[in-house]
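Q: I have this one open on my screen and want to go through it. Can you help me read it?

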Amino acid sequence: MAQLSAVVAGGVESARPRSPALNPRLVAGLAILLLWEATARLFAPAYVARPTGVAMALPHVLADPAFLRAAGLTLAAVAEGVAIAIVLGTALGLAMGRSLVAGRALRLWVNSFNALPMIVVLPLFSLWFGYTGSARLATVVFAAIFSILLNVADGASTVPSGYIEVARSFRARGWSIVAEIVVPAATPYILAGIRLAAGRALIGAVVAEFFTAIPGLGYYILYNSRTFHHNDAFVAVLLLAGFGAGFDALVAQGTRRLLPWYRRDEARE
Amino acid sequence: MTFDRASWGRLAPSAASLVAGLALWEIVGQATSAAFMAPLSGTLVRLVELTQSGVLVPEVLSSAGLFLTGMALALLVGAPVGLLLARARVLREALDLYIMLLYATPMVALIPFILSLMGFGFGPKVLVVFLFAVFPILYNTVEGARSIRPELIEVARSFRSSEWALWREVMVPYTLPFAMTGVRQAIGRGLVGMVAAEFFLSATGLGQIIMTASQNFDTGAMFAAILIIGVFGVALTRLGRAVENRFARWRN
């Protein structure tokens with residue numbers, strides 16, 4: 001009987017009862033850490049990052065004002081850049097999705113820029129903006145905007161025409177149709193675009209800091225790995241990974257909460 | 001192809017926008033200095049010069065070699081491991097969280113470690129491309145495997161399907177389209193990895209042309225190299241989409 005309910009709940013493979021003490025995820029996590037620790041101890045020089053070293057570095061790195069300032073600078077640049085990309089990307093994406101002419105005119109450029117590995121613009125942006133935070137901001141915006149733009153355009157062009165006809169027959173005008181029909185209908189696409197954009201923005205900020213050597217998490221990693229403080233540098237990697245995964249989970253959760261009816265396999269990358 | 005009114009209506013805005021964009025590039029380039037932004041004409045002149053002086057072709061081949069080696073390794077590792085994880089539920093449950101985390105981690109952050117551990121050779125650069133490309137493949141394959149309806153396996157089992165037949169008839173065909181979405185994403189990320197490796201490890205290939213050009217304020221050569229990378233990017237994206245659609249037909 002217990003077996004039958006397990007089959008119903010989780011398919012054949014979970015029919016075998018598993019002991020709750022052996023959580024496979026936990027076991028795998030521990031195994032990965034052990035393997036890393038052992039490899040680093042046996043084969044690598046002493047400065048190479050290892051779990052125990054990173055754990056010991058954690059308190060002093062997190063209390064280090066330089067680290068906190070670097071984290072603040074990078075995350076602020078990412079937030080600012082993504083905000084700019086959301087505003088510009090949504091506006092242009094709506095134009096592309098709702099106007100045939102704008103769509104045809106812009107798609108060529110947007111697709112080409114989107115296919116360009118965003119990192120190639122770094123030397124150019126550092127020529128244009130100098131080795132400053134502006135170059136980083138520009139890189140973040142460039143990295144983030146196209147996935148938002150393409151997803152918004154997709155969303156805006158697939159609004160069911162019935163919605164718009166109803167709005168028209170109630171004498172809704174252009175702007176209120178966009179604000180009250182198109183944007184809400186395209187919201188899941190906008191969120192999917194933002195989710196992709198945030199990941200790319202983070203990469204953009206880090207590479208810009210590598211390239212221009214302006215203070216931030218990327219530069220913190222670069223500096224500490226050059227001065228053989230790999231454990232300290234790795235704490236910054238963990239923060240970046242946590243930020244990337246955390247934001248991803250947040251948007252996914254937000255999509256489920258705000259739009260429970262919505263299911264979409266993938267976004268335009 | 002006949003150019004009736006309808007196809008003109010489709011093509012005219014794209015063509016006009018292309019011409020307008022290129023004209024804008026030329027005008028802005030002429031109005032500013034070549035150290036700031038080379039015009040289209042200046043970029044094409046540098047493109048021809050670089051080709052004729054024999055600089056361009058070897059560097060393009062070097063970049064292509066790096067990209068293809070890294071991508072091939074990512075496929076060779078990602079596809080079998082992804083399939084194994086698709087079938088072995090315990091392994092998948094054990095590892096999916098870590099694959100998701102690594103998929104979301106900006107891999108560029110690891111480049112300084114790779115540099116300090118492995119130096120400047122070809123190997124570390126291939127590793128960078130590999131790291132950028134392998135996790136999208138793994139992540140999407142695992143996501144696909146997770147969405148296999150248990151009934152499919154159950155039905156196969158109740159028809160006394162052998163393990164081999166189960167793989168051939170159910171697991172692989174079901175998971176392949178997801179894996180192909182991963183391959184498409186991997187192509188885009190691998191290209192970023194290629195340029196990142198060429199910028200931040202040792203300067204080779206098209207990345208080297210861009211770096212050298214930026215040090216000499218030679219934006220013409222810089223745009224020429226970016227243009228070539230862009231053409232590659234567009235072509236590879238198309239290829240990725242075509243491959244994905246080829247395998248994803250049943251999903252739509």
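This is a predicted model: local features need pLDDT of at least 70, side-chain atom pairs count only at pLDDT 80 or more; totals for chains, interfaces and linings use all residues.

Q: Which residues have the most contacts inside the largest nonpolar core?
A: Ile119(A), Val108(B), Phe199(B) and Phe200(B), in a core of 123 residues. A nonpolar core here is a set of buried Ala, Val, Leu, Ile, Met, Phe, Trp, Tyr and Cys residues joined through side-chain atoms within 4.5 Å. Buried means under 20% relative accessible area, with exposed over 50% and partly exposed in between (1.4 Å probe, protein chains only).

Q: Which helix gives the most to this core?
A: α9(A), with 14 residues. Helices are DSSP runs of H or I of at least four residues, strands are runs of E of at least two, and both are numbered from the N terminus.

Q: What does Ile119(A) touch?
A: Leaving out residues up to four places away in sequence, Ile119(A) touches Val207(A) in chain A, and Val192(B), Val195(B), Ala196(B), Phe199(B) and Phe200(B) in chain B. Contact means heavy atoms within 4.5 Å.

Q: Which residues are in the second core?
A: That separate core has 10 residues, including Ala86(B), Ala156(B), Val170(B) and Tyr174(B).

Q: Switching to α10(A): is helix α10 of chain A mostly covered or mostly open?
A: Mostly covered, as seven of the 10 residues in 217–226 are buried. Those are Leu217(A), Gly218(A), Tyr220(A), Ile221(A), Leu222(A), Asn224(A) and Ser225(A).

Q: What do the buried residues of α10(A) pack against?
A: In chain A, α3 (51–62), α4 (65–98), α9 (174–212) and α11 (230–258); in chain B, α5 (111–118).

Q: What follows α10(A)?
A: Phe228(A), with a positive phi near 65 degrees.

Q: Now chain B. How many helices and strands?
A: There are 10 helices and zero strands in chain B.

Q: How many of the 252 residues in chain B are buried?
A: Buried residues come to 48% of them.

Q: What radius of gyration does chain B have?
A: Chain B has 23 Å, while a compact globule of 252 residues would be near 18 Å. The radius is taken over C-alpha atoms, and the globule rule is 2.2 Å times the number of residues to the power 0.38. The C-alpha trace of chain B spans about 75 × 60 × 30 Å along its principal axes.

Definitions and conventions:
Residues are numbered from 1 along each chain as its sequence is written. Chains are lettered from A and ligands numbered from 1 in the order in which they are written. Side-chain values use heavy atoms; hydrogens and water are left out.
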